[in-house]
Amino acid sequence: MFCKMFKNLLFIIMLAFSVLADADNKQNFSSWIKDLKLEAKDNNISAKTIAKTFKTAKYLPRVIAMDRAQPEFISPFLTYVETRVDANQIAQGRAMLQTHEALLTQVEEKYGVPKNILIAFWGMETHYGKNQGDFGLPSTLMTLAYEGRRADFFRGQLMDAMRVVDAGYSSVAGLRGSWAGAMGHMQFMPSTLMKHGVDADADGRISITSSLPDAFASAANYLAKVGWRKDEPVAIEVKLPENFDYNLAQLLNRKSSTEWSQLGVVQVDETTLPDLDNAAILLPQGWQGPAFLVAGNFDVVMDWNRSVNYALSVSHLANQLVADNPILGGAEAEKAGMTFNQMWALQGKLNELGFDCGAPDGFPGLKTQVAIRQYQATQKLPQDGYASPSLYQRLFNLN
């Protein structure tokens, strides 16, 4: 009984502190936005837009909670892709490809970006326009700028959001999107809209939230501007020879497809690789998982979203929209994932053993992958750089 009473009291105390902290944040926020108004004026934002933008400004604790949320589970690649490119997603994408074929053909002819690629982005970003987000972007961007982790970035995005209004592309009330500040069918940040937006329907305004011509053309324009190569794939599933040096499978290790062919790499159906320069081999689920050859267009997709799993999923969905192209490799891959805390602990252990991961952050970035390869070399393990459950067990002697 005492234990239960203590827990209840502790909860009440924590709740009280949370309420006080939130109230303090709101009070400081109200003072802070006064300087932000002056900055907007210095950026030549119209007085009318400034007034309307800040009239409804409020601190959004939910946005900060979502920004700081630690992922409970780091999904293996095949789990990630299977939950995002399922039968329903593919069927709807194929239907959308057919429904909007004429429009997509026009966009493809102008920008060189294939129809299925645009539909794949659309499906991955908003489930074909169904989930564009319903956060008020001015308050969202102000909250994120106030929180401070990426203050300069979000202050800049807020200024561009007001420029979107000044340009006549949206009302302040119409600026709605994700908790991270992205909006529209393709989830553009305000700066991306201002830089790459296209008024494809020629109605005098760019609307990526309600006009599919504008949304598709803007996305294609963006991809073309950052280097899209016509008639090149994003990723090709490949088969590696038995004696392959897995240490070569790194995003920054580039060779021509001819050089990879000379090392015994072929397409997964054992046909010859297409002619590509600056290509890399990726093992998103370790040496026992599927292998992919990626080149310039993969880098373009990564410019849109820096996640390897996301980029490979866009490629896979695009392929599935035009033919049945399942991922064939990975039957022997480790199926379990890693929790955020396990990844953090793994990084700390590698640092302790002299393999530099940098400060632990719970995410298996490039520096962590290098450290893992160095450790794997000392253990005579395949040097795939993959942060797997079996590696975690080995490091902590849990086998």
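**Notes on the predicted model**

1. Lys 34 belongs to helix H1, which spans residues 2-42 (helices, H or I, of at least four residues and strands, E, of at least two are DSSP runs, numbered from the N terminus). Lys 34 is exposed, at a relative accessible area of 56% (buried is under 20%, exposed over 50% and partly exposed in between, with a 1.4 Å probe and protein chains only). Its C-alpha atom is separated by 37 Å from that of Asn 221, 187 residues away along the chain.

2. The model is predicted, with local features needing pLDDT of at least 70 and side-chain atom pairs pLDDT 80 or more, whereas totals for chains, interfaces and linings use all residues. Residues are numbered from 1 along each chain as its sequence is written, and side-chain values use heavy atoms, leaving out hydrogens and water.

3. Rings of Phe, Tyr and Trp (its six-membered ring) pair if their centres lie within 6.5 Å, with planes under 30 degrees apart stacked, over 60 edge-to-face and the rest tilted. The count by this rule is 21 aromatic pairs. Trp 122 and Tyr 128 form an edge-to-face pair, because their ring centres are 5.6 Å apart and their planes lie at 85°; both residues are buried.

4. The pair of Tyr 392 and Phe 396 is tilted, since the centres are 4.8 Å apart and the planes at 45°. Tyr 392 is buried at 16% relative accessible area, while Phe 396 is partly exposed at 29%.

5. Phe 121, Phe 188, Tyr 222, Trp 304 and Tyr 310 are linked into a cluster by ring pairs.
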